[in-house]
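Welcome, and please open the model in your viewer. We will take a short walk, one selection at a time.

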Amino acid sequence: ALGVVALGTAVYAAGMGLVQQDDRRFFAYLFISHASLVLVGLGAVHRKVAAEQWNAAWLWAVYVSLVLVAPATVALLAAWGFVDNWARSRTNAARPA
């Protein structure tokens, strides 16, 4: 289900990138490039909170920061999503079949 949402947002942003002009087009392309990694980053945050049994306030802080300081939070989540995706794929590749 999450993959369908990610695909839908990427298709929407790609369409917006085609019809928008100048600066708006740049932000549409930026959204396309970060959308899937941000979703992976959010998944990593949820997994970390569940595994470490952290307080749910951490999740609230992440989502509130997505609204208040979106560019910085998106960049951090995309970076975390990239590292998490890379690290988990290497861990899974090292396991015997």
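Before the first stop, a word on exposure: a residue is called buried under 20% relative accessible area, exposed over 50% and partly exposed in between, using a 1.4 Å probe and protein chains only. This is a predicted model, in which local features need pLDDT of at least 70 and side-chain atom pairs count only at pLDDT 80 or more, while totals for chains, interfaces and linings use all residues. Residues are numbered from 1 along each chain as its sequence is written, and side-chain values use heavy atoms, leaving out hydrogens and water.

Start by selecting V67, in helix α3 (residues 57-68); helices are DSSP runs of H or I with at least four residues, numbered from the N terminus. V67 counts as exposed because its relative accessibility is 68%.

Now move to T73 in helix α4 (residues 70-94). Is T73 buried or exposed? T73 is buried, because its relative accessible area is 8%. A polar atom of its side chain lies 3.0 Å from the backbone oxygen of V69.

Finally, select A75, also in helix α4. A75 is partly exposed, at 42% relative accessibility, and its C-alpha atom is 9.9 Å from that of G41, 34 residues apart along the chain.

Conventions: Helices (H or I, at least four residues) and strands (E, at least two) are DSSP runs, numbered from the N terminus. A polar contact is a pair of N or O atoms within 3.5 Å; within protein, one must be able to donate a hydrogen and the other to accept it, and residues adjacent in sequence count only if both atoms are side-chain atoms.
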